Amino acid sequence: MYLGRVVGCVWSTMKDANLVGQRLLVVQPLTPALEPTGKRQICTDCTGAGAGALVYWCKGKEASFPFLPAEV
């Protein structure tokens, strides 16, 4: 898992059909000391996080489990 802070959201006029209805957030990766590190990431949101929220995310197949039975 990775630690980050929500710095914005993505607005799009067209999305992949599997992402319809999903919120996309811009997340700044953080170190354990909460210092920014690395490039910003785009993450799907299943919890309703907002700007400034401290979040964690994961990569891989496990990242899609909160959205089941939808295939994101």
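Mentor: Let's start with a definition: a charge sits over a ring if NZ of Lys or CZ of Arg is within 6 Å of the ring centre and within 35 degrees of the ring normal. This is a predicted model, in which local features need pLDDT of at least 70 and side-chain atom pairs count only at pLDDT 80 or more, while totals for chains, interfaces and linings use all residues. Residues are numbered from 1 along each chain as its sequence is written, and side-chain values use heavy atoms, with hydrogens and water left out.

Trainee: Which residue lies over the face of Tyr2?

Mentor: That is Lys59, at 5.1 Å from the ring centre of Tyr2.

Trainee: What is the strand order in the open sheet?

Mentor: In general, strands of a sheet pair through backbone hydrogen bonds, either parallel or antiparallel. Strands here (E, at least two residues) are DSSP runs, numbered from the N terminus, and two of them pair if DSSP finds at least two bridges between them. The open sheet has four strands in the order E3-E2-E1-E4, with antiparallel pairing. Strand E3 (41-45) and strand E4 stand at the edges with a single partner strand each, so one side of each has no neighbour in the sheet.

Trainee: Over how many bridges do E2 and E3 pair?

Mentor: E2 and E3 pair over five bridges, in the antiparallel sense. As an example, Val27 has Gln41 in E3 as its bridge partner.

Trainee: Which residues make up the largest nonpolar core?

Mentor: The general idea is that in soluble globular proteins, nonpolar side chains tend to be buried together. A nonpolar core is a set of buried Ala, Val, Leu, Ile, Met, Phe, Trp, Tyr and Cys residues joined through side-chain atoms within 4.5 Å; buried means under 20% relative accessible area, exposed over 50%, and partly exposed in between (1.4 Å probe, protein chains only). The largest core here has seven residues: Val6, Leu25, Val27, Cys43, Ala49, Val55 and Trp57. E2 and strand E4 (54-57) each supply at least two residues of this core.

Trainee: Is Met14 buried or exposed?

Mentor: Met14 counts as exposed because its relative accessibility is 73%. Met14 is found in the loop between strand E1 (2-9) and strand E2 (23-29).

Trainee: What is the phi of Leu34?

Mentor: Most residues other than glycine have a negative phi. Leu34, not a glycine, has a positive phi of about 65°. Leu34 is in the loop between E2 and E3 and is partly exposed, with a relative accessible area of 40%.
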